Amino acid sequence: MAASHRLQQLRGGAKLVTSPMPERQSASLVMMFAGGSRDEDERLAGASHFIEHLNFKGTERRPTSKEIAVAIESIGGFINASTDKELTAYWARVPAEHLDLGVDVLFDIVSNSKFTPADIERERMVILEELKMYQDQPQDHVQNLFEEIIWPAHPLGRDIAGTERSVASLTRDDILEFANAHYRLPNLVMGAAGALDEDELLRAVTPRLTLPGDLDGAAAAEAPGALGGPNLLLRRQRTEQAHVCFGVRALSYLHPDRYALDLMNTVLGEGMSSRLFLNIREKLGLAYDVHSFTQKHRDTGYLGVYLGVDPSRAVRAVEAALAELRAMAASDLADDELDRAKEFTKGRLRLELETTNGVAFWLTYQQLVMGEIRTIEDELAMVDAVTAADVRRVAGDILSGPMQMAVIGPFAKSAAFWTAIS
């Protein structure tokens, strides 16, 4: 596990964070850009995700997707990318002696992609199929519906990939407009970890910093408005299981109580020793899959619960899960339960940071979204500092907000679900 890091300010406002791990045989490089689906208006919905796909279709030096893939896979490496609501990330993991190649390929695709009309039309069809695929997976689709009502009429409530209408309408000029606005050096943080020489890496990175070195003056994304009360979205569909997602708005990743929220979530629904799993599945036998989860952004977030359950037992399962939520605010956690949650959280963090990819993402994400990098020891200390009273207080605060629920299943009426959340 990396014990230290070095942050360097680069030309044009870009940043490079490095953490040597000399005992490893590999090295990972992450390029993370501020900007994601949250920054899109309705006209550009899905643009950031579309660009991520197109960046793998060809550059002037590597004209096809095959040549990009072969460059990394021919040395046994991995290359991939992901789009989120507030960032877009590209990464490569390669044998340590080929780190310069990994740097070259990543910079090539984010700086020199061609965005040809033919590639755009082919990828448009791929993304439209991707959107349809998720609509056919109710356990995923129900979470999208839940986000739609917890952040109504706001980009955070849209699917990261956009809508079928917006993806079908995006033009090459639209895509280039969004890319030019966000793929700029002040928006870029790079993180590298593994068997690397920091000075050699800096020499490899510096001449490739060819993206624009200033910001384009785009306005900051607006915060979502307040919720007026509880809300329910029912999507009637012939399914063997009912898929239910409900929850409340919670905390941002900058909020000082986020550690208490994470421990609350761990006790409530993380893993097979959580309250939801033990009571809803093991004791009552109401659901196969039941868990809780959090989502955090810079000015908002939520705590959610998912249930996959027989439709005839759906309302009963929801009521039982809501009772577990209320119990979090009604009494303090027992000492042993809080201690287990802390050790679970700290242990998962340590396991994530055993790999070069885990360390590179950890460093890059912290610098990009938090503006600072805490050591692992600092992070573990913040977890240890949370008390049972903190968890109860945070539970009471967030559960006082209006409950939101999305349901997919063979239901003609929603009255029983409304009663449960009201």
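Trainee: What should I know before reading the model?

Mentor: The model is predicted: local features need pLDDT of at least 70, side-chain atom pairs count only at pLDDT 80 or more, and totals for chains, interfaces and linings use all residues. Residues are numbered from 1 along each chain as its sequence is written, and side-chain values use heavy atoms, with hydrogens and water left out.

Trainee: How do I read a sheet, and what is the strand order in the open sheet of 5 strands?

Mentor: Strands of a sheet pair through backbone hydrogen bonds, either parallel or antiparallel. Strands (E, at least two residues) and helices (H or I, at least four) are DSSP runs, numbered from the N terminus. Two strands pair if DSSP finds at least two bridges between them. Here the order is S7-S11-S8-S10-S9, with mixed pairing. The edge strands are S7 and S9 (287–296), and each pairs on one side only. Neighbouring strands are turned by 10° against each other on average, direction ignored.

Trainee: In which sense does S11 pair with S7, and in which sense with S8?

Mentor: S7 (residues 231–236) pairs with S11 in the parallel sense, over 6 bridges. Leu-234 has Val-407 as its bridge partner in S11. S8 and S11 pair in the antiparallel sense, over 5 bridges. There, Gly-247 stands opposite Gln-404. S9 and S10 also form an antiparallel pair, over 9 bridges. Ser-292 has Val-305 as its bridge partner in S10.

Trainee: How many residues of S11 are buried?

Mentor: Buried means under 20% relative accessible area, exposed over 50%, partly exposed in between (1.4 Å probe, protein chains only). In S11 (residues 404–409), 6 of 6 residues are buried. Gln-404, Ala-406 and Ile-408 point one way from the strand. Met-405, Val-407 and Gly-409 point the other way.

Trainee: Which helices lie on this sheet?

Mentor: Contact means heavy atoms within 4.5 Å. Axes are lines fitted to C-alpha atoms, for helices over the stretch in contact, and angles run from 0 to 180 degrees between N-to-C directions. H5 (residues 138–150) lies across S7, S8, S9, S10 and S11, at about 150° to S11. H9 packs on the sheet and touches S9 and S10. Its direction makes about 175° with that of S9.

Trainee: How do I find the buried face of a helix?

Mentor: An α-helix has 3.6 residues a turn, so residues three or four places apart point the same way. Take H15: its buried residues are Ala-388, Val-391, Val-394, Ala-395 and Ile-398. Seen down the helix axis, they fall within an arc of 130° (taken from the directions from the axis to the C-beta atoms), so they line one face. They pack against S8 (242–249), H9 (258–269), S10 (301–309), H11 (314–330) and H12 (335–352).

Trainee: How many residues does the largest nonpolar core have?

Mentor: A nonpolar core is a set of buried Ala, Val, Leu, Ile, Met, Phe, Trp, Tyr and Cys residues joined through side-chain atoms within 4.5 Å. The largest has 51 residues, and Tyr-90 and Met-190 have the most contacts inside it. Helix H3 (residues 99–112) gives the most to this core, with 7 residues. A second, separate core has 48 residues, including Leu-232 and Phe-411.

Trainee: Where does Ala-47 lie, and is it buried or exposed?

Mentor: Ala-47 lies in H1 (residues 47–54). Its relative accessibility is 0%, so it counts as buried. Not counting residues up to four places away in sequence, Ala-47 touches Glu-40, Leu-170 and Phe-178. The C-alpha atoms of Ala-47 and Phe-411 are separated by 35 Å.
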